[in-house]
Structures are given as structure tokens and as C-alpha cells.
Amino acid sequence: MQNVLVQAMSFLADAAPAAGGDNAPIGGFASMLPALVAIMVIFYFLILRPENKRSAQQKALREAIKKNDKVLTSGGIYGIVANVQRDANRVTLKVDEATNAKIDVTFDSISTVLTDSPAEKDSK
């Protein structure tokens, strides 16, 4: 066991660069600066920009909600908008035609405004 440990130590000592030799690191922060800038640019274009775009689309979708729109909530509930109270951040959805059941949800819980499919438009 000691023999293996001694061989491993000598191997690592041979592999380590000599201090002050030709392989000594140069620069410092200045040599890392271009890489950090590149990482920040990639981070912006891959994460921040798409998220801001998605947020703006959701905001526009919520501002355009009106009575009789078919919507889908983030909880998976389908409904038809019965009342919009923008100042109270509340939307009343009719979820069942037979019993006239309604629920109140916040604007933030509405994930999608559903549009009629072409098959539904043709049948009307």
C-alpha cells in the first residue's frame, strides 16, 4: 500500500510544473476579462432576453382579456371570462354551463387565451 502511495506521489510531483519556469501563469484578472464578458453576453442572450420577451407577451395577453374569451389557467382550468375587474386584479370565469358555476382567479393565473380552431369556425 505504501509503495503505491509513493509511486502516486512521485508521479504527481513529476507532472506538476516547476515554479518560476516557462509554464508559470501570466496575467491575472486581465486575462480572464474577455472570457467573463463573453459569458455575460451569452447569459443575456440565452436567459435574460427570452425571459423578458416572454414576460412582455404574457403582460400583453393579460391586458387584452375581455368578456367571453375562452381561457386556460395555470392550474389547468378551462373557462369563459364572465367579468374582468382590472383594478382588483380579478377575473371571474364561468367553468360550467349547466350549473352556471363561476370562480374568481387573478390575472396572473391565466396562462393562455384560447382561440377557435379552424374546424370550429367552419362548423359555425
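## The aromatic pair

There is one aromatic pair in this predicted model. It is edge-to-face, because the ring centres of Tyr 44 and Phe 45 sit 5.1 Å apart with their planes at 80 degrees. For Phe, Tyr and Trp (its six-membered ring), pairing asks for centres within 6.5 Å; planes under 30 degrees apart are stacked, over 60 edge-to-face, and the rest tilted.

Are these two residues buried, exposed or partly exposed? Tyr 44 is partly exposed at 38% relative accessible area, and Phe 45 is partly exposed at 44%. Here buried means under 20% relative accessible area, exposed over 50%, and partly exposed in between (1.4 Å probe, protein chains only).

Arg 62 belongs to helix α2, residues 29-63 (helices are DSSP runs of H or I, at least four residues, numbered from the N terminus). With a relative accessible area of 18%, Arg 62 is buried. Its side chain reaches the backbone oxygen of Asp 108 at 3.1 Å.

Setting aside neighbours within four places in sequence, Arg 62 is in contact (heavy atoms within 4.5 Å) with Arg 86, Phe 107, Asp 108 and Ile 110.

## The nonpolar core

Which residues make up the largest nonpolar core? They are Ile 65, Val 71, Val 81, Val 91, Leu 93, Val 105, Phe 107 and Ile 110, eight residues in all. Such a core is a set of buried Ala, Val, Leu, Ile, Met, Phe, Trp, Tyr and Cys residues joined through side-chain atoms within 4.5 Å.

## Reading notes

Residues are numbered from 1 along each chain as its sequence is written, and side-chain values use heavy atoms, leaving out hydrogens and water. As the model is predicted, local features need pLDDT of at least 70 and side-chain atom pairs count only at pLDDT 80 or more, while totals for chains, interfaces and linings use all residues.

Technical notes
Helix = DSSP H or I, 4+ residues; strand = E, 2+ residues; numbered from the N terminus. Polar contact = N/O pair within 3.5 Å; in protein donor to acceptor, adjacent residues only side chain to side chain.
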